[in-house]
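Please look over the sequence and the structure before reading on.

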Amino acid sequence: MEMKFPPLSGAGVREGRAGNLRDELYRLFGFVRRQILLVAIGAGVAAVLAAIILLNTVPTYRSQIRLLFSEPPNFMQADRDRRALGEADEYIATQIALIESRSIAERVVKDLNLGARVDEMHKSHGLLSSLSSLFSRSEPKTETPQEAESADERAIAYLQSNLAVFRIARSYVIEIGFDSSDSTLAREVADAYGKAFLADQVEGRLDGLSRISKWLEVRIEEIGRGSREAAEAVTRFRAENGLVAADGRLVTDQQLEGLNQQLINARASVSAAQAQVEIYSAAIKDGNVQTLIGLRQRGSSNSANSSSDIASDYLLAAERERAVIARWGADNPQAKAITAEKERLADQIRAEARRTLDAYQAELARSQSELAAINKNVDAATAKSEGVSSTMVQLRTLEQRAQSYQSLYQNYLDRYQELIQQRSLPIDTARIITTAVQPDSPLFPKYKIVMALSLVLGGALGAAVGVGREFFDRSLRGRADVEAHGVPFLGFIPALSQKAGLLGGVSPDKADRILDRTLQRLLVATDAMRLEPMVIAITPLENDKAQNQSFIAKAYADELAKLGHEVLLIARNPERASTPAAGALARHSARSLVAEPGSHQNPTVIPAGNLPVLSQSANRTGVQTLGSSVSGLSGRFDRVVIESTSLEQALHVSALLPSVDRFIVLARWGSIPRQSLTEAIRSVHGLRAKCSGVVLDEADLSKVV
């Protein structure tokens, strides 16, 4: 019966991938842990560099204020129409452009006398500049008017380049911020900008009111003079004709009362229309676009929104023209284009003013026609009146004229009084809701963030370098490096650390446990429990890097002797094998001497020089007699442990190969390339079959995965 296995589920695949990822992360963490010194060096170097940069970086402080805007007042209307002012976004954008304008910057420079401080504003405040200032001397110089003007220009450019004005969300609040290397200067400039803007608003409003009031004063004087002359004419006519005013009036007075009132209103309309025609005629003749814009703003609320857009576009174009000319000159192509656009808008405004003048002239003609009709009706009514003398008619004419002047005079006088009240009342379109404060911490750089980032990035760079070193290190360092060449791994021999109390980078107790575990693996790999005699060779991978070969051979021979074997140790250096070893090997030898005295026989040690192949002078005769020599020794001992020459001497090892049952390869940890192990085993035919494994000597266990 065929067995069918269920397919691997998606959950199993994900768990396998998660396990692989976890193993890779553990491996990567091991790399970083072993290279912790590089991580610390990278973090320290980055922190020092960041500190040097911060010491030479000029800090930037920001101080800001906030302005709350209300609807601007309409000087010519009692009621304000929000739609006549355009959309709120356009209104706020206009105010922002005004704050960023050169006129406000000039006012701030003048208020704070920044022209004299411009060089100090541009002066660096880093550590290097502070040290250089100790060795430099500057003598005070007398500033010329040209230099003062240039300093003011630099101060204005400095203000405009470091000014930040923006709207808070969709509200009527505008924030004015100023950046400077001097926190006190940042607060002073932000506060000065708020005050300068409010002062400019007040001055602009008062200037408009002053122009209107002057025009009203002239008109009131003219109308008042005409009213006085009309009243004097009535009084003089009555005195000359002996007319006395009494309660009893003629019938014609009652009939003409309504017509007289209509006549008064018509004349007032004619006067008002005539006044508007004269104002616009004078403005058009003068050609001043600003005056035309002011007249449009004081005009009727029925004006189209496009007119407001044209005026706003003209003001923006004029401001841009001043800014571009101030920066690049009048011959700049952009300046010429803006000037042309401004002239086009000015022509449109003038055309609009002419259309308005035509409308007022039409209104004047209509009022005059209405006045003429009313006069005609009055004349007709007067002609129909029987018994009314020509004297009474003349009197009534004079009285009507005097009343018309008086009504018109009173109307203009009321408007003039309203303007005087507006000038005396503090009606502001904006107010400061958040005052400027001196900043305690800089806007840039953020010292804590920069230092933290430098430590993190420096540590990450050090970790990356350390991981790179681990990846590019091709030496024998662990089990995976050995087993990748198809050779068993038997363990580590701890190195004697330079630090007191440490062996191989770990504690002595842990080093002893690792050494014992390695010796146990050696016994298992070489079939230590077999009863048949065996010959085991301990050979180094490279001759000059076999520091503990004699000590390892002696420790291995001691372990075999503990198992009851009669052991012969053929040592290349008998004196070194008999002297105390260093580190964990020394303590293992000491334990072997004191543990169970007399329980086993010590290994027999003979010098390797008695065997030709092992005496570094092998020849043809020595190779032929090697087999019989080792065979004779193995017949007398259970185990023969030989300190062989290194695998670099392939001829010697090949001669010894037929007589040896097991080979133990000794390689120095972290010093021998991995490729050397494969090349050495391949160089001796048949060595792989008899190789029991590899032991890594002088290992730094703190860096072992």
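A salt bridge here is a side-chain nitrogen of Lys or Arg within 4 Å of a carboxyl oxygen of Asp or Glu. The model is predicted, and by this rule its count comes to 22 salt bridges.

- The side chains of Asp 200 and Arg 107 meet with an N to O distance of 3.9 Å, which counts as a salt bridge because the cut-off is 4 Å.
- Asp 200 belongs to helix α8 (residues 183-241) and Arg 107 to helix α4 (residues 102-112), so this pair ties together parts that are 93 residues apart in sequence.
- Arg 107 also forms a salt bridge with Glu 203, where the closest N and O atoms are 2.9 Å apart.
- Because Glu 203 lies in helix α8 and Arg 107 in helix α4, this second pair links parts that are 96 residues apart in sequence.
- Arg 107 has a relative accessible area of 22% and is partly exposed, and Glu 203, at 44% relative accessibility, likewise counts as partly exposed.

- Arg 167 and Asp 89 meet through their side chains in a salt bridge, at 2.6 Å from N to O.
- Since Arg 167 sits in strand β2 (residues 163-167) and Asp 89 in helix α3 (residues 88-99), the pair ties together parts that are 78 residues apart in sequence.
- Are the two partners buried or exposed, or in between? Arg 167 counts as buried at 19% relative accessibility, because buried means under 20%, whereas Asp 89 is partly exposed, with a relative accessible area of 32%.

**A salt-bridge network and the parallel sheet**

- Asp 527, Arg 530, Glu 532 and Arg 662 are linked in a network of salt bridges.
- An open sheet is formed by 7 strands with parallel pairing, in the order β5-β11-β10-β6-β9-β7-β8.
- The edge strands of this sheet are β5 (489-494) and β8 (604-607), each of which pairs on one side only, and the twist from one strand to the next averages 20 degrees.
- Strand β5 pairs with strand β11 (residues 691-699) in the parallel sense over 4 bridges, and the bridge partner of Phe 492 in β11 is Leu 696.
- Helix α16 (residues 508-525) lies across β5, β10 (662-668) and β11, and runs at about 145 degrees to β5.

Definitions and conventions: Residues are numbered from 1 along each chain as its sequence is written. This is a predicted model: local features need pLDDT of at least 70, side-chain atom pairs count only at pLDDT 80 or more; totals for chains, interfaces and linings use all residues. Side-chain values use heavy atoms; hydrogens and water are left out. Helices (H or I, at least four residues) and strands (E, at least two) are DSSP runs, numbered from the N terminus. Buried means under 20% relative accessible area, exposed over 50%, partly exposed in between (1.4 Å probe, protein chains only). Two strands pair if DSSP finds at least two bridges between them. Axes are lines fitted to C-alpha atoms, for helices over the stretch in contact, and angles run from 0 to 180 degrees between N-to-C directions. Contact means heavy atoms within 4.5 Å.
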